[in-house]
Amino acid sequence: MSWINALVQGVLLGGLYAIFATGLSLAFGVMRFVNLAHGDLAILAAYLVLSTASTMGVSHVVSLPLVVLLMAGLGYVGQRFVFNRTIGPDPLAGILCSFGIGVVVQNLLLARYTATDRYLDAGSIETSTIRINDSVSIGHFSLLTFVCAILLLGSLQIFLSRTSLGRAFRATADDPATAQLMGINDKRIYGFAMAIAFGTVGIAGFFLGARETFAPAAGPNQLLFGFEAVVIGGLGSLWGTLIGGIVLGVAQVFGNQLSVGWNLLAGHIVFLMVLAFRPNGLLGTGVRT
Amino acid sequence: MKRKKVSAEIEGAVSRRSLLKGAMAAGAAAGAGGLLAACGSDDKGSSDSKGTVKIGFVTPQTGPLASFGEADAFVIGELRNLVANGYEGWTIEILDRDSESNSNTAATAVQELIGEGCQLILAEGTPDTTVPVVQQCTNNEMPCITNNAPWQPHYLGIGGQLGPDVTPGVASEYNYHFFWGLEDVVQVFLAMWNDAAPGATVGALWPDDPDGNAWSDPNVGFPPALAAGGFNLVDPGRFPLGGNDYSAQIAKFKESNVEIVTGVLPPPDFANFWAQAQQQGFAPKVVTVGKALLFPGAIESYSNPAGISTEIWWSDRHPYTSSLTGQSAAELAAAYTASTGKQWTQPIGYVHALFEVALDAIKRAGGADDKKALLDAISATNLQTVAGAVNWGNSVVPHVTKTPLVGGQWVKGESFPYELKIRTSEQLPSLTTDGPMDLIEL
């Protein structure tokens, strides 16, 4: 029975990883851009939720949509004025640039909010639960996280496959030069893509901050899990990111069941096995360069 | 960061305000006025002064350990006021540095402080701060007093030896340390559990880090004491911190009918465990955890924290007074709340006591110019501080003396969301308890 509970908890944990990894997956899928500041931006979003909620006198949940918009705006501006300048044959410039931005964000947060542990309040839903039987129960908050992950990735998938802007995204990702010949402004497309990626980071920051306490230096810790989810699922595939998150979550929880010391190790081993035997990830189609 | 924190804050406030008003001249005048005032007080102090003593102070003011340094600005500010006109004829300068919760930065800070002419170094805030500071001080033959770090990891970290066949020696000629140790945590936790749930099954969350390994040690940690005290132990094993899943531990605890949960976890990890325990229907009667439950800011961040219990080294009810200011523990805590608007935290009393010990030694040594005399004076300390008696004649290993540890519980408060109540005080019988342990109700 404990293994069934482990499977349930692992899948639900995978939802959190998938939400967190969505922005990474999108930025890589559309722009081949590896954003090392992703974790720090999620923590920034969590602090923005705190600040907007206390400024406007509303609950943390209510201020979330505003923060998502704020983050999206930041993403668009950041891509148009900073990241677009790093695009070129050498991906290193973008990676270094995002690394630097991560350091700056961490230190700005430290200066503004100090190092005290903070948290987001999602209300009584944080601990309420659906009890299946004695050993299996599904936390409402974990379930909400998982449902959000599916909705988020599903709506992004529909957006990419059904809308003209989504087609422009895919066209630019496949072949920016030809897309430009067809009248697509690739720099603008990149700006929109980063706006969506940052918006999803805002949602991820909320779920992270409500799940555990956070401090300015907490970002990089989560970044590794996000990357592992993206790589396991397949670079650039959105459904793959959901699958990757779930595989990583289940691997960690199963590792924990075997021996509590193997929690993180099991996740890393699955990640390495995927890299060794299916380098394109479970649903990946390979990276076109 | 590199400057004195208090003055930097004042300068920052001045420049922001003057920028807002757009009155640059006024700002310059205010800045110059501040400088002149500072010089003035210096001159006044040294006019009939026996000389200047510079004290360096290294604490974590930012980073994951920042809660330990949170009260520093207040304590140092009060002390600077106290010695503004000199102390026993000496001009006292306090230079504080932020370790940024980083061992390397702490070590660098000591080098800087020595370079600036400090004659005595003080440090506090977990072994991650005290150990590198003492190592630097030892290399530079600089007297140094430390606290707020359990004595075993501190003593072992600076080169001390412990073991069944070892006679503990002097780990560093230059360091004197006062705090409690692992045996005190064991004693306090067991006293609370004997009160709340005698003979219950204890579930342990001991991570794979120096604290977790020390607490789970089969010879000197919790396991032998639990067996002797009649408690069953369920220990799922060491686990890495930073993981997001505790379902395996929770399942084991539920299977074995664990009623008491213990461990030593940082706040984010405890937050994760505690939320998942509630989600998965695990409701222990007692939760007594080290590290995560020390500070009120962290307590408020947990879901349903009322009733969780922890070790207490200092509270506003401790029956002690400051040898410097005559303030009782209650008055010191109240002054902190009045000055910052925040709830008192445990390091306030210990940071204050650190300076009590330092100034007392400087007085008895006749200044700090003679290093040997200063070390002898520290060694001969016998002082009633706001954190308890400090007397290295009564030491557990050379240069380490212990202060009492008690235990308590967080309950819903009146002035603040959660307040700490004393539940056991076997080591300090003059501190009355606030009644027996409450069992946690979820």
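**Chain B and its contact with chain A**

Trainee: How many residues does the contact take from chain B and from chain A?
Mentor: It takes 34 residues from chain B and 37 residues from chain A. Two residues are in contact if their C-beta atoms, placed from the backbone, lie within 7 Å. This is a predicted model: local features need pLDDT of at least 70, side-chain atom pairs count only at pLDDT 80 or more, and totals for chains, interfaces and linings use all residues. Residues are numbered from 1 along each chain as its sequence is written, with chains lettered from A and ligands numbered from 1 in the order in which they are written.

Trainee: Which element gives the most to the side of chain B that touches chain A?
Mentor: H11(B), with seven residues.

Trainee: OK, confidence. What does chain B average in pLDDT?
Mentor: The average is 88, and 89% of the residues score at least 70. pLDDT is the predictor's confidence in each residue, from 0 to 100.

Trainee: Where does pLDDT stay under 50 in chain B?
Mentor: Over residues 1-47. Where pLDDT is low, the predicted coordinates should not be read in detail.

Trainee: And what ipTM does the complex get?
Mentor: The predictor gives an ipTM of 0.86, and a pTM of 0.84.

Trainee: New topic. What is the strand order in the open sheet of chain B?
Mentor: Seven strands run S2-S1-S3-S4-S5-S14-S13, with mixed pairing. Strands are DSSP runs (E, at least two residues), helices likewise (H or I, at least four), numbered from the N terminus. Two strands pair if DSSP finds at least two bridges between them.

Trainee: Which are the edge strands?
Mentor: S2 (90-98) and S13 (395-397) of chain B; each pairs on one side only. S1 (51-59) and S2 of chain B pair in the parallel sense over nine bridges.
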